[in-house]
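Short notes follow, grouped by topic.

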Amino acid sequence: MAQAKKQKPKTKKPVAKRAVAKQTSRKSVRSQVSAAEWEARVNLAAAYRLMDLYGMTDHISNHISVRVPGAHNEFLINPYGLLYKQMTASCMIKLDLEGNELFNPNDGYEHNQSGYVIHSAIHAARPDVDCVIHAHTLSGMAVSAMQCGLLPQVQMSMRWAHGVSYHDYESIVHVDERAQLVRELGNNDIMILRNHGLLTCGRTIAECFYNMFWLKRSCDLQLMLMSCNTALIQPSDAVVEKTWKAYEPGGRRHLQQKRGLLEWPALLKDLDRIDPSFRD
């Protein structure tokens with residue numbers, strides 16, 4: 001009987017090793033940006049995670065942007081295709097006001113064009129604004145379709161008794177819409193996009209998220225009140241005015257809350273408890 005030939009042991013393909021080597025040799029995003037930009041990236045990723053945590057997301061749609069510290073004409077925005085709960089400090093795309101991608105660390109993801117149109121317009125027109133959030137919350141879209149707009153019915157919504165801008169719907173957002181949008185926003189930090197959704201601005205990411213959180217809650221409450229089918233108590237104009245002033249810069253309530261800065265560390269602490277990967 002012929003002796004069976006010994007089979008040579010199979011050698012492992014080095015593909016995995018090459019892939020690992022390629023991945024580990026790539027420079028980290030943190031090493032390629034300034035310390036100030038990295039901090040902005042971490043806080044921006046946190047804002048995305050918080051929007052998801054508090055139920056203010058629309059799958060991969062909508063966007064939050066922040067101006068790159070020290071660079072008036074550059075801002076960071078999300079890669080289009082990832083969920084809000086998947087955002088990290090390293091994935092943010094850096095754009096200039098003309099829409100050029102200055103730094104995109106993602107494979108296969110680009111920025112959303114509608115996001116660029118809205119956010120570049122506001123960053124260009126409002127040097128006082130560092131952060132912009134656009135959201136399609138259900139209650140926000142409902143109020144955006146109401147002729148009455150947002151009503152100052154209770155204390156929560158009286159903070160928006162004045163200073164809310166409105167922009168009429170012109171179909172899917174386009175570049176030619178930017179001039180009208182910033183004209184109607186003016187110096188306000190709150191805008192209701194008619195038949196569309198909500199938009200907030202802030203001098204910090206914390207302030208912008210604070211504005212969106214309470215604007216969304218005000219819309220939630222308005223829907224609840226309007227669905228009760230009973231007469232509502234309407235506060236006097238004088239009381240509404242007094243309450244609004246308390247939330248304005250210099251007002252008692254404003255000084256107490258510091259427009260989101262007071263609770264921001266606690267919110268980050270909560271995110272760290274749930275999933276600290278937003279810092280990656």
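Y54 sits in the loop between α2 (35-53) and β1 (63-67). Helices (H or I, at least four residues) and strands (E, at least two) are DSSP runs, numbered from the N terminus. Y54 has a relative accessible area of 33%, so Y54 is partly exposed. The classes are buried (under 20% relative accessible area), exposed (over 50%) and partly exposed (in between), with a 1.4 Å probe and protein chains only.

Together, L53, Y54 and I274 make a nonpolar surface patch of about 260 Å². Patch residues have over 30% relative accessible area and no salt bridge; like charges are joined within 9 Å, and nonpolar side chains (Val, Leu, Ile, Met, Phe, Trp, Tyr) within 5 Å. Accessible areas come from the Shrake-Rupley method with a 1.4 Å probe, and for residues only the protein chains shown count as cover.

## Basis of the model

This is a predicted model, with local features requiring pLDDT of at least 70 and side-chain atom pairs pLDDT 80 or more, while totals for chains, interfaces and linings use all residues. Residues are numbered from 1 along each chain as its sequence is written, and side-chain values use heavy atoms, with hydrogens and water left out.

## Aromatic pairs

A pair of aromatic rings is described by the distance of the centres and the angle of the planes. Here, rings of Phe, Tyr and Trp (its six-membered ring) pair if their centres lie within 6.5 Å; planes under 30 degrees apart are stacked, over 60 edge-to-face, and the rest tilted. The whole structure holds 6 aromatic pairs. One of them joins Y48 and Y84: the ring centres are 4.8 Å apart and the planes stand at 80°, so the pair is edge-to-face. Y48 belongs to helix α2, and Y84 to the loop between β2 (74-77) and β3 (93-96). The pair links distant parts of the chain, 36 residues apart. Y48 and Y84 are both buried.

Y54 pairs with F213, also edge-to-face, at 5.3 Å centre to centre and 85° between the planes. Y54 is in the loop between α2 and β1 and F213 is in helix α7, so this pair ties together parts 159 residues apart in sequence. F213 is buried because its relative accessibility is 17%. Ring pairs also build a cluster from Y54, F209, F213, W214 and W264.

## Helix α7

How does the span of helix α7 agree with its 22 residues? The helix covers residues 205-226, and at 1.5 Å a residue it should span 32 Å; its end C-alpha atoms are 32 Å apart, which agrees. The expected span is 1.5 Å times one less than the number of residues. Helix α7 is mostly covered, with 16 of its 22 residues buried.

## Salt bridges

Side chains of opposite charge can pair when their charged atoms come close. With a salt bridge taken as a side-chain nitrogen of Lys or Arg within 4 Å of a carboxyl oxygen of Asp or Glu, the count comes to 12. R67 and D130 form one, at 3.1 Å from N to O. R67 is in strand β1, while D130 is in the loop between α3 (113-125) and β5 (131-135), 63 residues apart. R67 is buried at 7% relative accessibility. D130, at 29%, is partly exposed.

D128 and R126 meet at 2.9 Å, N to O, in another salt bridge. D128 is partly exposed at 33%, and R126 is buried at 4%. R203 bridges to E207, with the closest N and O atoms 3.2 Å apart. R203 is partly exposed at 33%, whereas E207 is buried at 7%. Salt bridges with shared partners join R126, D128, D189, R203 and E207 into one network.

## Cysteines

How many disulfides does a search of the whole structure find? The search finds 0 disulfides, each being a pair of cysteine sulfur atoms within 2.5 Å. C201 is buried, at 0% relative accessibility. C148 is partly exposed, with a relative accessible area of 39%.

## Lys27

K27 lies in the loop between α1 (15-25) and α2. Its relative accessibility is 62%, so K27 counts as exposed.
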